[in-house]
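This report goes through selected features of the structure shown below. It starts with salt bridges and then turns to the pairing of the chains, a sheet and some helix residues.

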There are 2 protein chains.
Amino acid sequence: MNVAQSTIPPLPPELVAKFRQIVGDKYAMTDAADIEPYVTEERNLFHGRSPLVLRPASTAEVAAICKLASEHKIALVPQGGNTGLVGGQTPHNGEVVVSMRRMDRTREIDTASNTMTCEAGVVLQVAQQRAAEVDRLFPLSLGAEGSCTIGGNLSTNAGGTAALAYGIARDMALGLEVVLADGRVLNALSKLKKDNTGYDLRNLFIGAEGTLGIITAATVKLFPKPHAVETAFVGLKSPAQALKLLTISQNEAAGTLTSFELLAHIAVDFSIRHGIGVRDPLPNKHPWYVLMELSSPRNDARDTLEAILASAMEQDIVDDAVIAANLTQRSAFWKLRDEMSAAQKPEGGSIKHDISVPVAAVPEFIEQADAAVVKLIPGARPVPFGHLGDGNIHYNLSQPIGADAADFLARWHDVNDVVFEIVLRLGGSISAEHGIGVLKRDELPEVKDKVAIELMRSIKAMLDPLGIMNPGKVL
Amino acid sequence: MNVAQSTIPPLPPELVAKFRQIVGDKYAMTDAADIEPYVTEERNLFHGRSPLVLRPASTAEVAAICKLASEHKIALVPQGGNTGLVGGQTPHNGEVVVSMRRMDRTREIDTASNTMTCEAGVVLQVAQQRAAEVDRLFPLSLGAEGSCTIGGNLSTNAGGTAALAYGIARDMALGLEVVLADGRVLNALSKLKKDNTGYDLRNLFIGAEGTLGIITAATVKLFPKPHAVETAFVGLKSPAQALKLLTISQNEAAGTLTSFELLAHIAVDFSIRHGIGVRDPLPNKHPWYVLMELSSPRNDARDTLEAILASAMEQDIVDDAVIAANLTQRSAFWKLRDEMSAAQKPEGGSIKHDISVPVAAVPEFIEQADAAVVKLIPGARPVPFGHLGDGNIHYNLSQPIGADAADFLARWHDVNDVVFEIVLRLGGSISAEHGIGVLKRDELPEVKDKVAIELMRSIKAMLDPLGIMNPGKVL
């Protein structure tokens, strides 16, 4: 997808030289081959172009870049691990890319305060490892964790599979360091859980997708490492039954219920059919499945999980269930879930949605959406799965068997209209965790409160009056 | 304390009539006697004045008030339960008061989504009761809960005694409805845990102390009601030992550790001496105490608490401890804690601070602050107590025995200088949970990051260009 909508004038060589001076020769790239990895992305869905990729090593260098860009009205695209799914990290119009990956220091870990201060370019998996090394948990966890960065996670307010108990990226950040469009540095790094000295600035930059400034460092919360993790794979009849199981689980396990994933039969089937070494954990087929996990600081997770499942079976909510007997089985359950997105590929074209509705409305949403999309495209196969505990469903749709993939994908916007109408009627969101980027930018004004859009525009104008920070994204 | 700093011209009678029309005769008060309860506050520390108190019943009425005020540049002071401690809710300069207490409907409770939508004027205790009636917990809990309101709690980002496990007010709000200075209504009410459609507007208004708009309703999170609550009163040698106990407790109890209060010997003494029916739970005196509580959805809290205390005793961290045997004993432990602020009164003048530092820095802070204030005022008696788990200490100081209270209180700013210097050096905050209001307004620019202050001013100018929303507060 090429999303060129405005033309940015070519960068004069004397400016390239000035930018080069800031980061050093080696870290200012102008060769097409060097630039290529920064202007495309894994799925090859978006392809941009850029005359210059800068790789700053410090907050001061980022500040100098922004100041220079501001003085000459040069547009910048901040980039972390380049794993975003909505084209937010791509220079669609020839902007300068500011890659944050060299800022990869863990500045401090404080185990008594349970905090960790990381630079923006620290890879999520590295942050998890740093925490584990001091017997702590950094719970943010998602598919791209091997390459995505803390800065990107915060800029896009990442969600993931542990949000149910630990929250989303926004909830994990105690403090931020941000370089503003004009090069000023906001030092709001803080280990404090309580600080009521003025307006909350931190949350303005979290989830802003790099359009208001560049996050250069963050202080995040650490948690006690759970000592017992227990995982169950459950067969049941419907999303409504899954919702009942969720309520029982929350009442019994409270904060120790760390994952609760709803999986449609067809999603499990695809995963078994196309995933390598993926097997069905249950002897019989069920219309719906739940993958649930408890993580406890004590050795009670197994007892609690067994009590939940026994109670749910007694009430005919659950039809069958198996608890992972060891780490290998647990990994196998999760592999089945993690393969789901990839397993749709061999089934042809797929139209994907990352929506959320109030938790209570998930069964109604799935029922209505299934009916609506099949009416729109007879034979289309809904493949819903996702984080029921957060009301966040990846409502994907595989093409009818034997249909033409391109024809099917051409209906993406028609499907959006139908699905988003239901989402909005139920009080939901068209982007639960992936953000807006360019992919949903033009739909945003249609679905969002009018005053909210006005305020967003005012904030953008206030913080980036020249419009140089990741232009054309979000708004 | 009269904080008149600017003169607001008298309100023309024809404008009073227009405001009166919006809310109805009965709810527009101009008589001094009717107005009195809205311009003073419980402690009689602040006394303001106002020509008009408005008591709107709906969001539409609040919007009409703001629109009219905006058209005629009339300053407004939003007010909830009038329990704030920093003068934020007082009309110091003859502003019109907008009392939100009539907007007291619970609009919806959704037990499957675990959400409750309340209007701003719902009293906190009523909100707790509504949640309890449907077998849920609304965990925000603080001294003023019998009169403070949800709108005020969110506007001041209240903390309280359960923040350790459940977070502060900010963490509990999923969505907001806000009337802006010009009368526009931002509808950001939402039950969604994940919604990445644009900038976070909610957190801009939470903690803004009514200076950016008036919160008229909120959707807050509910939690499973804990089935077992266990409370211990612990004697130990120092804040450093208390910090070790905190780490053990968090590792063993994780999210079920719901309170962890550090109490100085002298604070306990004052409470026993002056509180009615307050007794020492332990047979012998100890230099420091911890009041800790576990709340579990299952029946394991007692076992966990016993295991924590046994382990801490074995490591010589804890010298003595008693677990409440029943609800009466538990209430007695908490009464001892809750009386602490009041119990300072009979001891003469007291200078109070609501500070926070990184959790790990609390022992160092107390040691340094004790030395510094006693050096400044020989004989002054530090009475520190508070939420160690949040790094939030109410660092209070009672006057020297036999000294003149007025003389002592005249040193308030000198004491601030000494205490705040230590707080800032340790990376702390001069207002952990009470906010800025007028009390700390003039200190804020001294202690806050310069760019943060600049951004706060820009945000204020953007959202309230006429400066009519709670003028003179925060900034």
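At 35% relative accessibility, B:Arg43 is partly exposed. Its salt-bridge partner is B:Glu41, with 2.9 Å between the closest N and O atoms. B:Glu41 is buried, at a relative accessible area of 6%, because the cut-off for buried is under 20%. In chain A, salt bridges with shared partners link A:Arg105, A:Arg107, A:Glu119 and A:Glu177 into one network. The model is a predicted one, and a search of the whole structure gives 64 salt bridges over all chains.

Three of these pairs are set out below.

| Salt bridge | N to O distance |
|---|---|
| B:Arg43 and B:Glu41 | 2.9 Å |
| A:Asp414 and A:Arg411 | 2.9 Å |
| A:Glu71 and A:Lys67 | 3.0 Å |

A:Glu71 and A:Lys67 both belong to helix α3 (residues 59–71) of chain A, where they are four residues apart, or about one helical turn. An α-helix has 3.6 residues a turn, so residues three or four places apart point the same way. A:Glu71 is exposed, with a relative accessible area of 51%, whereas A:Lys67 is partly exposed at 47%. In the pair of A:Asp414 and A:Arg411, A:Asp414 is partly exposed with a relative accessible area of 32%, and A:Arg411 is partly exposed at 28% relative accessibility.

How are the chains related?

Chain B contains an open sheet of five strands with antiparallel pairing, in the order β5-β6-β10-β8-β9. Its edges are β5 (106–110) and β9 (185–188) of chain B, each of which pairs on one side only. On average, neighbouring strands of the sheet are turned by 15° against each other, direction ignored. Within the sheet, strand β6 (residues 115–119) of chain B pairs with strand β10 (residues 213–221) of chain B over five bridges in the antiparallel sense. B:Thr115 stands opposite B:Lys221 in β10(B). Helix α3 (residues 59–71) of chain B lies across β5, β8 (173–180), β9 and β10 of chain B, and runs at about 45° to β8(B).

A:Ile366 is part of helix α13 (residues 362–376) of chain A. At 3% relative accessibility, A:Ile366 is buried. Apart from neighbours within four places in sequence, A:Ile366 is in contact with A:Pro239, A:Leu262, A:Trp288 and A:Pro384. A:Val419 lies 53 residues from A:Ile366 along the chain, and their C-alpha atoms are 9.7 Å apart.

Helix α17 (residues 450–463) of chain A has 14 residues. From its first C-alpha to its last, α17 reaches 20 Å, close to the 20 Å expected at 1.5 Å a residue. Which residues of α17(A) are buried? They are A:Val451, A:Ala452, A:Ile453, A:Leu455, A:Met456, A:Ile459, A:Lys460 and A:Leu463.

Definitions and conventions. Residues are numbered from 1 along each chain as its sequence is written. Chains are lettered from A and ligands numbered from 1 in the order in which they are written. This is a predicted model: local features need pLDDT of at least 70, side-chain atom pairs count only at pLDDT 80 or more; totals for chains, interfaces and linings use all residues. Side-chain values use heavy atoms; hydrogens and water are left out. Helices (H or I, at least four residues) and strands (E, at least two) are DSSP runs, numbered from the N terminus. The expected span of a helix is 1.5 Å times one less than its number of residues. Buried means under 20% relative accessible area, exposed over 50%, partly exposed in between (1.4 Å probe, protein chains only). A salt bridge is a side-chain nitrogen of Lys or Arg within 4 Å of a carboxyl oxygen of Asp or Glu. Contact means heavy atoms within 4.5 Å. Two strands pair if DSSP finds at least two bridges between them. Axes are lines fitted to C-alpha atoms, for helices over the stretch in contact, and angles run from 0 to 180 degrees between N-to-C directions.
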